[in-house]
Amino acid sequence: MKLSLTLFAVFLGMQFTLAQTLKTIAYKDGTQKLNGLVTSNAGKKLPGVLILPAWKGIDDEAKNSAIELEKQGYIAFIADIYGEGNIPTDNASASKIAGTYKQDYKAYQKRIALALEELKKQGANPEKIAVIGYCFGGTGALETARAQFPVAGVVSIHGGLAKGNDRLNVPIKTKVLVENPADDESVKPEDMTNLIAELKAGKTDFQIITYANSKHTFTSPESPDYNEVMAKRAWNHTLTFLKEILK
């Protein structure tokens with residue numbers, strides 16, 4: 001009983017820290033209200049990192065990443081891709097809405113562009129901005145690069161790597177880091193082959209790191225796929241990449 005109360009107190013403390021540190025920022029795509037989150041160092045003219053969350057929308061992994069990035073000296077902004085009233089409540093609804101944006105990639109790119117503008121409004125140096133994304137957000141990180149948005153680099157963390165066969169490759173000038181779990185069943189071998197060909201065709205500065213004994217959501221402590229050792233390595237790789245391109 002005492003242990004349970006201790007764990008509960010720790011959980012409450014974590015939630016209190018999240019609530020204190022991150023501020024809700026309302027913005028819009030036409031008439032659709034969007035609710036992003038920004039770190040408490042907003043307005044300080046620092047390098048900025050846009051976080052694209054996984055398929056259920058803004059979650060604890062995105063929030064914790066934002067707080068850790070603030071400690072590293074970055075303004076972090078978590079994008080709201082789906083918008084108010086459209087947040088999925090289970091895997092089925094998450095799969096459906098994420099699939100919609102994967103198909104309508106231009107709508108996804110537009111929501112990313114709007115979030116990048118909000119990050120700049122929060123004081124981020126427009127010359128020093130990167131994008132990181134988890135899962136569905138990892139796909140978004142690659143879409144940021146494919147859209148040729150003016151960012152210093154993108155990090156796709158266990159993201160979907162494929163794009164439609166009808167889409168032509170474009171030169172990707174931003175730096176790209178792909179963090180791919182070795183046992184991710186959602187990534188087909190041809191997806192990786194095609195991505196490498198796409199990046200090589202554009203003479204992109206890219207790096208792909210594969211994490212052994214890791215399934216799809218290996219970085220999320222809330223997932224049964226969580227691999228603590230590999231998650232820590234992936235985070236350190238992310239920080240090294242961001243330091244190189246933003247500091």
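Val-154 counts as buried, at 0% relative accessibility. Buried here means under 20% relative accessible area, exposed means over 50%, and partly exposed is in between, with a 1.4 Å probe and protein chains only. Val-154 is found in strand β6. Helices (H or I, at least four residues) and strands (E, at least two) are DSSP runs, numbered from the N terminus.

A word on the source. This is a predicted model, where local features need pLDDT of at least 70, side-chain atom pairs count only at pLDDT 80 or more, and totals for chains, interfaces and linings use all residues. Residues are numbered from 1 along each chain as its sequence is written, and side-chain values use heavy atoms, with hydrogens and water left out.

Back to Val-154. What does Val-154 touch, not counting residues up to four places away in sequence? Val-131, Ala-141, Thr-144, Ala-145, Thr-174, Lys-175, Val-176, Leu-177 and Phe-241. Contact means heavy atoms within 4.5 Å. Now take Asp-183. It is 29 residues from Val-154 in sequence, and 22 Å away in space, C-alpha to C-alpha.

Next, strand β5. It covers residues 129-134, and six of the six are buried, so the rest of the structure largely encloses it. Ile-129, Val-131 and Gly-133 point one way. Ala-130, Ile-132 and Tyr-134 point the other way.

Who pairs with β5? Two strands pair if DSSP finds at least two bridges between them. Strand β3, residues 48-52, runs parallel to β5, joined by five bridges. Val-49 has Ala-130 of β5 as its bridge partner. β6 also pairs with β5 in the parallel sense, again over five bridges. There, Tyr-134 is partnered by Ile-157 of β6. With α5 included, β5, α5 and β6 form a right-handed β-α-β unit. Right-handed means that, with the strands pointing away from the viewer, the path from the first strand over the helix to the second runs clockwise.

Now β4, residues 75-78. Ile-75 and Phe-77 point one way, Ala-76 and Ile-78 the other, and all are buried. β4 pairs with strand β2, residues 32-38, in the antiparallel sense over two bridges. Leu-37 has Ile-78 as its bridge partner in β4. β3 and β4 run parallel, with four bridges between them. Leu-50 stands opposite Phe-77 in β4. From β3 to β4 the chain crosses through helix α2, residues 60-71, and this β-α-β crossover is right-handed.

Look at Ile-81. Leaving aside neighbours within four places in sequence, Ile-81 is in contact with Leu-34, Leu-52, Tyr-101, Tyr-108, Arg-111, Ile-112 and Phe-136.

Helix α6 next, residues 189-201. The expected span of a helix is 1.5 Å times one less than its number of residues. For the 13 residues of α6 that gives 18 Å, and the end C-alpha atoms are 18 Å apart, which agrees. Which residues of α6 are buried? Asp-191, Met-192, Leu-195, Glu-198 and Leu-199. They cover an arc of only 125° around the axis, so they sit on the same side of α6. The arc is that of the directions from the helix axis to the C-beta atoms. An α-helix has 3.6 residues a turn, so residues three or four places apart point the same way. The buried residues of α6 pack against α5 (136-146), β7 (175-181) and β8 (206-211). On the face turned away from the buried side are the exposed residues Pro-189, Thr-193, Lys-200 and Ala-201.

Last, backbone angles. Most residues other than glycine have a negative phi. Lys-203 follows α6, and its phi is positive, near 55°. His-158 is not a glycine, yet its phi is positive, about 40°. His-158 lies in the loop between β6 (153-157) and β7. Is His-158 buried or exposed? Buried, at 1% relative accessibility. Asn-213 has a positive phi too, near 55°. Its loop runs between β8 and α7 (228-246). Asn-213 is exposed, with a relative accessible area of 66%.
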